[in-house]
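Let's look together at how two protein chains meet. Keep the picture open beside you as you read.

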Amino acid sequence: MSTTSPTNSTSGTGAGPASPVSAQPDLLYSEEEEALRAAVRDLLTDHCDAARVISRTESDAPHDLSLWKALADGMGLAGLLVPEGRGGQGATHREAAVVLEELGRAVAPVPYLTSAVVATEALLACADGGEVLASLASARRIGALAVPLHTAPGAFFPAARAADGVLHGELTGIADADAADVLLVPADDGGLYAVEADAVGVTVTGQTSLDLTRPLARVVLDGAPGHRVGDAGPAVRRALRAGAGLLASEQLGLAEWSLAETVRYLKDRRQFNRPVGGFQALKHRLAQLWLEVVNLRAAARNAADALAADPAAAGDDADAAVAVAVAQAYAGQVAVRAAEEALQLHGGIGMTWEHPVHLYLKRAKADSIAYGTAGAHREALAGLVDLQAP
Amino acid sequence: MTDAAELRRRTQELLAAHPPATTARLDLLRARFDAGLAWVHYPEGLGGLGAPRSLQAVVDAGLEAAGAPDNDPRRIGIGLGMAAPTILQYGTEEQRRRFLRPLWTGEEVWCQLFSEPGAGSDLAALGTRAVRVDGDGWVVDGQKVWTSSAHAARWAILIARTDPDVPKHRGITYFVCDMTDPGVEVRPLRQITGEAEFNEVFLTGVRIPDSHRLGEVGDGWRVAQTTLNNERVAIGGMRLPREGGMIGPVARTWRERPELRTHDLHQRLLGLWVEAEVARLAGERLRQQLVAGQPGPEGAGMKLGFARLNQQISGLEVELLGAEGLLYDDWTMRRPELVDFTGREAGYRYLRSKGNSIEGGTSEVLLNIVAERVLGLPAEPRTDKDVAWKDLAR
């Protein structure tokens, strides 16, 4: 077991504030994107109700693989980011972001962000590994990047030890590794290796996780065979940047559900012989939250659009780097506050296991750490936009 | 439908007939109005061509490229943004023809006589009285406040109480008031920055002919909604580059003055920089929605966010400056012609931005509006709805 750093970190290369405003991002949703949203929402409404998600968290199979099959294979969503020539749908981060908004809204226990975005982006950065990529894009298999979920783009990450053609080491905090068929493991020789999860020498054990719907796992490699698909540094950086950028759309979905559900409840819930939602102290809190959700939507669309604008260079493109860092420096607090406000304003029922608000709180809090905290992204911005520390 | 190509052609035609280099500014503005290129979405004959509003940019770009002067919209913002749309919607044909052209060219400046000392957030409680005389005119008595441009204005849009015996929203009528009437007295209202952007306006026996009434008698509250809704559109439609707002001067100071930096300020600056950038993106998204013809409720909240950010950012700026933050550029009582929130120095920005959460609707009232109109939460219990205005406590 050793620790390596990625080859280098992205530095500001012209996205500074003095540069002219580049092409305006498209912050709206196209008709096609709205149609995609409607289709995903329909499926989730039918197959991912809150009671079902809660009971699944108490089972031995925290991931809903039949729902995953319907989304990833049935609707072809696993391959959105993969070009058609490489076995995917040839769509962009804009569409994937819309899918993630809906998955966040339903707090769906499926490995979309981890497999169809993060693992997929890592492979897209690699020269080799086309077969693995195609198998993820077609949803025949699920992939997971074996980098701890809390890692920010450009930050240090642990690597396995490569020796005599096999891998050794223990990697913890790997999101959705439980559900993965193939693990993408960075090694201390600078390579990224595809490792079959069921191979001899590979043990994946679930960790008891704060977020019940995106569980973490410990991966132990004890002479595990791996196939080198490319260089770990650029692949991991690109994967984490895309993950961080699109996570903002998931966080938007979480926040939207929390706000909408709380507004609905407060119109209905009566105390002191009037709807609780009529009290000004509560109205103002909900209006503030709505403003933050409006802002988050703009930041999330901006990140998705920036990633879509130059997918091949997404990891190193400074515009995208700024857009992602801005979105992640903002999104965490909004999603967490929305879930916390939802819990508080639901009163006692919000504190129960039976009510789904805790699923959103746990996901939102975990998301605020995933792919780098807001603080880590603010620090990245200090370099990107030239607001240097003392 | 007039399209972009047609507007380009008409713009070139205007420029050929009135070359900016040899045409007096006012003549060119009048000719532009008469060519329907002033505000293309207005009707023909009233400065427009009935074209989509989004095509105005085509005309503006063509005229700017040719070096043509504009109508200095910041100086006549109240006329353009509030009076004009209201006159267009509620004015008689005669009123539209009389008022809109000199309003647009800036020959006649407009101000707004709405707020009163006793009617701020509760604007509909206003007490300025308009009493009908001689069958064909009105006499107005009362006091208005927070009136920008009153000292420069030729005309005012005015709401006054014409029937105190009905509930407050129903007894209001909307007028155009002649600011040169001898009964109009304008006094500067000095504010915490030291200067006087605004005025108090005292109305004593002011005569208004009935032909200067906008809308029906008693329908003034509804007419005023047009004015106020357009105010919000005007506030929401701005386009900013990154660091284009209040964050710009602080970020520049941070870069140029490393000796002022501390870790605590760095964390707070980065946090506010992110919020300013996100608010800018939200404004840009709103603008894109409007251009795409998909207006959403998002505009209702833009001002709330900008008010809070302006205050926090300018507060940080004063603190960043340290010893210099203890100084102020100038307390001299002045009457600026333009309102510029980012003008002058940090101390001014800090003090002036305190008004951002009060002017154009307090943040508290705007939060109620968002909660009730956007989120659909129950309205505040009303005790004044069915009470005649004259019987309200005040």
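In this predicted model, 39 residues of chain B are in contact with 34 residues of chain A; two residues are in contact if their C-beta atoms, placed from the backbone, lie within 7 Å. H8(B) gives the most to chain B's side, with 16 residues. That side divides into 20 nonpolar, 10 polar and nine charged residues. Here Ala, Val, Leu, Ile, Met, Phe, Trp, Tyr, Cys and Pro count as nonpolar, Asp, Glu, Lys and Arg as charged, and the others, Gly among them, as polar.

Each of these helices of chain B supplies at least two residues to the side that touches chain A. Helices are DSSP runs of H or I with at least four residues, strands are runs of E with at least two, and both are numbered from the N terminus.

| Helix of chain B | Residues |
|---|---|
| H7 | 247-256 |
| H9 | 299-321 |
| H11 | 363-374 |

Now zoom in on one crossing. Arg378(A), Leu381(A) and Ala382(A) in H11(A) meet Leu270(B), Gly271(B) and Val274(B) in H8(B). These contact residues are four nonpolar, one polar and one charged.

What about chain A itself? Its secondary structure comes to 11 helices and 12 strands. Its C-alpha atoms fill a box of roughly 75 × 55 × 40 Å, taken along the principal axes.

Residues are numbered from 1 along each chain as its sequence is written, while chains are lettered from A and ligands numbered from 1 in the order in which they are written. As the model is predicted, local features need pLDDT of at least 70 and side-chain atom pairs count only at pLDDT 80 or more, whereas totals for chains, interfaces and linings use all residues.
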